[in-house]
Amino acid sequence: MLWFSLLLAVIVMFCGWLFEVKSENAGIVDVLWAGLMAALPLLYAIQLDGSVFIRIIAAGIMSAWYLRLFLHLQKRVFSEPEDGRYHYLRQYWGSKAHRNHFFFFQFQAVLAWTFTLPVWWLCQAQQVHTLAVLAALVIVLIAGSGVYVADKQLSRFRRNPDNKGKVCERGLWFYSRHPNYFFEWLHWFSYPVLALGTAGGYWLWIAPLVMLAFLYFVTGIPYTEQQAIRSRGDAYRRYQQTTSAFIPWRKKHAAN
């Protein structure tokens with residue numbers, strides 16, 4: 001099952017790379033990554049033989065979470081020019097852009113496969129505590145509400161033409177530069193919480209730690225902020241000085 005799901009992820013991202021070559025829009029990688037994160041848990045839930053209840057809960061949480069992201073991203077990617085982060089890389093890589101994108105797409109295939117492993121494990125469990133399920137669902141509800149509110153606030157800000165080139169500091173964005181990433185990370189605690197009291201489930205606590213590392217140091221905040229500085233300059237640098245990067249927190253005074 002694991003080898004099949006990895007092969008499926010690789011094939012999907014290869015097709016995405018072919019689309020990138022033809023369209024010169026690498027943003028499709030985000031759409032496909034979210035799609036794999038929604039689809040692979042369903043595959044595990046159907047094929048594995050753990051408790052039906054656990055399979056529905058575990059796969060349902062991850063699939064619903066990333067289906068929302070998939071729908072959000074596909075609407076944006078297919079209706080707007082290439083995301084500034086990928087456009088910058090295309091220019092930076094020059095003639096090597098398509099080759100480098102191939103490896104980047106395959107790296108994302110491996111990431112999607114890796115990040116669905118908690119559901120693969122949970123879909124083989126035979127029992128889970130009711131309180132653990134309730135706690136996990138509360139975490140998902142809080143995280144989902146936070147992401148929804150943050151996305152709505154940012155979308156409303158961007159729709160106003162007077163805000164072009166400005167930094168959104170409204171609502172949750174007043175307290176965190178990346179509230180959407182924070183609530184994305186928060187939802188990852190639902191999987192180890194689901195496994196509380198289940199033999200062998202301790203390793204699932206690695207999942208939120210790994211996701212934090214990627215969001216904070218690798219694929220999330222660094223690339224997003226580099227693009228924000230390129231597009232908003234000193235306004236965003238001041239935002240960095242006054243506003244928490246991740247966890248919503250009170251404002252600081254900007255350095256002179």
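Helices here are DSSP runs of H or I with at least four residues, and strands are runs of E with at least two, numbered from the N terminus. This is a predicted model, in which local features need pLDDT of at least 70, side-chain atom pairs count only at pLDDT 80 or more, and totals for chains, interfaces and linings use all residues. Residues are numbered from 1 along each chain as its sequence is written, and side-chain values use heavy atoms, leaving out hydrogens and water.

- Phe-4 sits in helix α1 (residues 2-23).
- Phe-4 counts as partly exposed because its relative accessibility is 48% (buried is under 20%, exposed over 50%, partly exposed in between, with a 1.4 Å probe and protein chains only).
- Together with Met-1 and Leu-8, Phe-4 forms a nonpolar surface patch with about 250 Å² of accessible area.
- Accessible areas come from the Shrake-Rupley method with a 1.4 Å probe.

**Ser-244**
- Ser-244 follows α12 (234-242), in the segment after that helix.
- With 18% relative accessibility, Ser-244 is therefore buried.
- A polar side-chain atom of Ser-244 lies 2.5 Å from the backbone oxygen of Ile-247.
- Leaving aside residues up to four places away in sequence, Ser-244 touches Tyr-175, Ser-176, Arg-177 and Trp-249 (contact means heavy atoms within 4.5 Å).

**Lys-164**
- Lys-164 belongs to the loop between α7 (130-159) and α8 (179-187).
- Lys-164 counts as exposed because its relative accessibility is 77%.

Notes: A polar contact is a pair of N or O atoms within 3.5 Å; within protein, one must be able to donate a hydrogen and the other to accept it, and residues adjacent in sequence count only if both atoms are side-chain atoms. Patches are made of residues with over 30% relative accessible area and no salt bridge: like charges are joined within 9 Å, nonpolar side chains (Val, Leu, Ile, Met, Phe, Trp, Tyr) within 5 Å. A salt bridge is a side-chain nitrogen of Lys or Arg within 4 Å of a carboxyl oxygen of Asp or Glu.
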